[in-house]
Amino acid sequence: MLSKLRSDVCSPPPSTRDVSPIMWQARRARLLAGAIALLAGPIVHAEDDILDIRTSAATGVARFVTAADGGAIQVLPAPGQRVVEPIDFLRQRGALFGVTDSDRQLVFVDRRTDTVGRTRTTFQQVHEGVPVFAALLRVHTDDQGRIMAANGTFVPDVALDTTARLGDAEARRIAVATVTEQLSATVAPAAVGTKLLVYRVDLARGVPGPNHLVYEVEVQAPGLREFVYIDAHTGKFVDQITGIHEALHRRVYDGGFADIFLVWSEGDTLPYGDVDVDNLIEYAEDTYNLVASATDGAFLSWDGVDGIMHTVNNTPDVACPNATWNGASTNFCPGVTGDDTVAHEWGHAYTDSTHNLIYQWQPGALNESYSDIFGEVVDLLNGSGTDSPVPLRTDGECSVYGSSFVPHLEVNSPPDIAGTYVVGGAGFNPAQSMSVTDAVEAADDGFETGTDACQPLVGFTAGRIALIDRGVCGFTVKVMNAQLAGASGVIIANNAGDDVFTMGGFNPSITIPSVMVGQADGGVIRAHLPGVDATITLLGPTDVSYRWLHGEDDPSFGGAIRDMWNPNCLGDPGKVSDPGRYMCGTGDNGGVHTNSGVPNHAFALLVDGGTYNGQTIAGIGLTKAFHLYWRAESTYQVPASDFADHADSLEQSCIDLTGVNLLALDTTVPTGALSGEVITTADCAELAKAIAAVELRTEPTQCEFVPMLDPVAPPLCNGADSLRRTYVEYFESGLGGWTVGTRFVADPATFDTPDWDVVADLPDGRAGSAAFVADLKIGNCASDTEAGALYLDSPMIHLPAGGAVYHVAFDHWVATELSWDGGNVKISVNDGSWFVIPSSQFDFNAYPGYLNPPGGNDNPLAGEESFTGANGGEVTGSWGQSQINLGGIALPGDDIRLRFEMGLDGCNGVHGWYVDDVQVYSCCDTFADVACDGSVDSGDYAAMAGCLAGPGATPSPTAPMAAIACLDTFDVDGDLDVDLSDIGAFQGMFDGP
């Protein structure tokens, strides 16, 4: 899919942000990676050879294995066999990838031999016969059958019950309902396929995540193809991945994808007579011939077996201007049929049939990048479209044929915030160099918040730079209101994070410059008003070249939409650490269009050479570079490949192709002739520099993803002997004495969220059971409202008299729709009214924020403090313990009840709230001071005696959890029983009866 500039009609900030689970998988990943590192960094000794092992951050096990010397990996043939087979490597060395039983965990998929004599054998991971999503291992052999490399993704330690408790028909219903709620048009999607899979959440994100048994449901409608993952045990939504990416039997349709719209088939007369249709016919063939010539006819059409190339012109299913690949056809809006755009969409089709990259996060950015590369290679070779002038580009410069001038923002004063700020520009900025220096003034439109400038400004001082918040209306509306008030320029502050981007929109009446800053920088500037002086500059680009521009031949775009040579020119990152440009949020499937700038830049540098980020690369040319990228795509990369995997795949491809006379690239014929170009070790060295320049192996640490709940809780008391549990509930035997129910339900007839219940399939591999309430992706906020509250109430808990301060602790995991849905903890003291325990009473892991207030939010808990949202940068949670101090709320001798309550608004959701290991306790300095009143006396003795039914050994409370509390508190002699011997031991500790 292509993406034009983001024209903002800013809805509320995203309902969730993404984060990294850091529970047992993360710890295990670190331990495994550490164990490998301890052996010798990335190099470990394995039998008779030294292996170079690269590990996966998501799984903690190997993702790429080669011999350190570049030669063969030592593997013995199976007993009774004379020839080594690829499976022998996995039987002997599979533990590096986490394989424990290769014959049960791996299934043969296929074997392919390429034009240089290398053979790739692919195995699919299965768990108890169920395929594991995106988990493929590939073993690579040379022409002598020697094992040269192995790579791929394997999810270790899968421990799931593979018996689905949900029928596939119900999974299809839930998936279709989920997608239906996302559609603004009256479209009726349908489920067209269902598969049972093991699904590792966040595999594409490159971080540890929980495993689920899921149904993968493919949902389609005109212009729509979504893969929805529904938990086969609980029926809960797990994830969603789009199948719309943005073949030589060609068929072109006009106005829709059906036979009645067919206007041209292979063999019909050319030209057809319509510019767009003729472009679609010609450039599909160019793409077909590019790959066919590079493989000498071994890979024909997008699926490798000469599949029909269906194309829809003037598609009714795409929001124009744009173009897509939907798994069956490429689809184009009028005026979006340039050669690089057509090849881009067919590049998505080739991706589907080769590495099938997941369309999220770095795999999705790599997916987009490969399509940009396909488009630009075709553009540079086919002699069509706007190809002149195309001289080599200058380091760090932009093209004069790009869509906007390069923006800069310099804060001149006050000194403590002065400096150059990271900014995005605007597609609607004036097409000329300019610079304005003025005082900065906050805009106020006098309506509601006033800072978004969606209405005419009130009281603004003409001749100043307006500071405006992103939100509600389009960027051009804000800027035009500022211009009409006399502003000399505009700074728009993001209100949904620190990402900056090129603002979209069109208004030729705008004559002042505009820039975007991140949310934090906007806050800094606003905090120093008045008194801020700044300079906004639009610098004219200098490169007179169309080289490396994408979309320049699409009149509906009004100019190029991406610059592969200098991605910063159009707001994209040129390297992973680009501040403010590398997208950290969940929008655009985790920045698939924006972050594609990183691998795009690597390809351009590798082809032409250049100096960037401390690296000077000597270009190796288009033919060599494309062969490396095609081999990485078709041989090594797998669906979950991220940037680091991409780097490994490229370098291994370079080793494979060293010394090979490469086939020439040609967009006119489907068979290749030898090019006379031979990859050398020097070329591989330049590849390594390009990889380093754009930081393909660097983690985006600037995103600073953190969990909602800190996983490392402090001890409940300063000393282990000082902990006195009054009450505990582990939910291992059901709800026990806890009660559930709903209140404030807006419409009982449409309310579908189940009550709190005890579940055993816990996220992040947590053992045991916990209480759970869902936050489902259901409801439409109108005729099908899900607004209501669901509560989980404890039994009455008595706080023994004495001088103690009582506390509450509980473990939990939260992922809800940010600021709209969420839960909190309430308390009733001595049968009084329920009230929210405020953040000020939390000693650890307090609420992260408030639910949106009443008015716009129909959640009955609107405006209350709440556990809302998810881990940073994700839509999933992770486990943590919250600790509450009841001092000033409940006193010794009081009776209390606790309530965990989830509030929902009328529509949409994420996952839900798990609560486990609820404890009410106090901390005492002396072990025997049960009452915590500073002395060991008859009061403590009486409390202890109350735990005995009599002279026997069974504690008197009938609730199992209360019995455990007695054991924890009164088992003085440590024999795991509360009996007369404890009383005897206890009595000797004080003077009394």
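**Values against cut-offs**

Modeller: P530 is found in the loop between α9 (519-527) and β23 (533-539). The peptide bond from L529 to P530 is cis, with omega near -10°. This is a predicted model: local features need pLDDT of at least 70, side-chain atom pairs need 80 or more, and totals for chains, interfaces and linings use all residues. Residues are numbered from 1 along each chain as its sequence is written, and side-chain values use heavy atoms, with hydrogens and water left out.

Colleague: Which other residues does a cis peptide bond join?

Modeller: S388 and P389, where omega is about 0°. P389 sits in the loop between α7 (361-381) and β17 (406-413). Most peptide bonds are trans, and most residues other than glycine have a negative phi.

Colleague: What phi does D202 have?

Modeller: D202 has a positive phi of about 70°, although it is not a glycine. Its place is the loop between β8 (190-200) and β9 (211-221). N845 is also not a glycine, and its phi is positive, about 55°. N845 belongs to the loop between β39 (842-844) and β40 (849-850).

Colleague: Does D202 count as buried or exposed, and why?

Modeller: Buried means under 20% relative accessible area, exposed over 50%, partly exposed in between, with a 1.4 Å probe and protein chains only. D202 has 12% relative accessibility, so D202 counts as buried. N845, at 11%, therefore counts as buried too. Across the protein, 59% of the 993 residues count as buried.

Colleague: Why does H627 count as buried?

Modeller: Its relative accessibility is 8%. H627 is in helix α12 (residues 622-636).

Colleague: What does the side chain of H627 reach?

Modeller: The backbone oxygen of L663, at 2.8 Å. A polar contact is a pair of N or O atoms within 3.5 Å; within protein, one must be able to donate a hydrogen and the other to accept it, and residues adjacent in sequence count only if both atoms are side-chain atoms. The H627 pair therefore falls inside the distance limit. L663 lies in strand β28 (residues 661-663). L663 has 12% relative accessibility, so L663 counts as buried.

Colleague: How many bridges must DSSP find before two strands pair?

Modeller: At least two. Strand β26 (residues 609-612) and strand β27 (residues 615-618) have four, in the antiparallel sense, so they pair. G609 has A618 in β27 as its bridge partner. This hairpin has two residues between the strands, and N613 takes a positive phi near 55° there.

Colleague: Which strands does β12 join?

Modeller: Six bridges join strand β12 (residues 249-254) to strand β14 (residues 308-313), and these run parallel. There, R250 has M309 as its bridge partner. β12 also pairs with strand β13 (residues 262-265), antiparallel, over three bridges.
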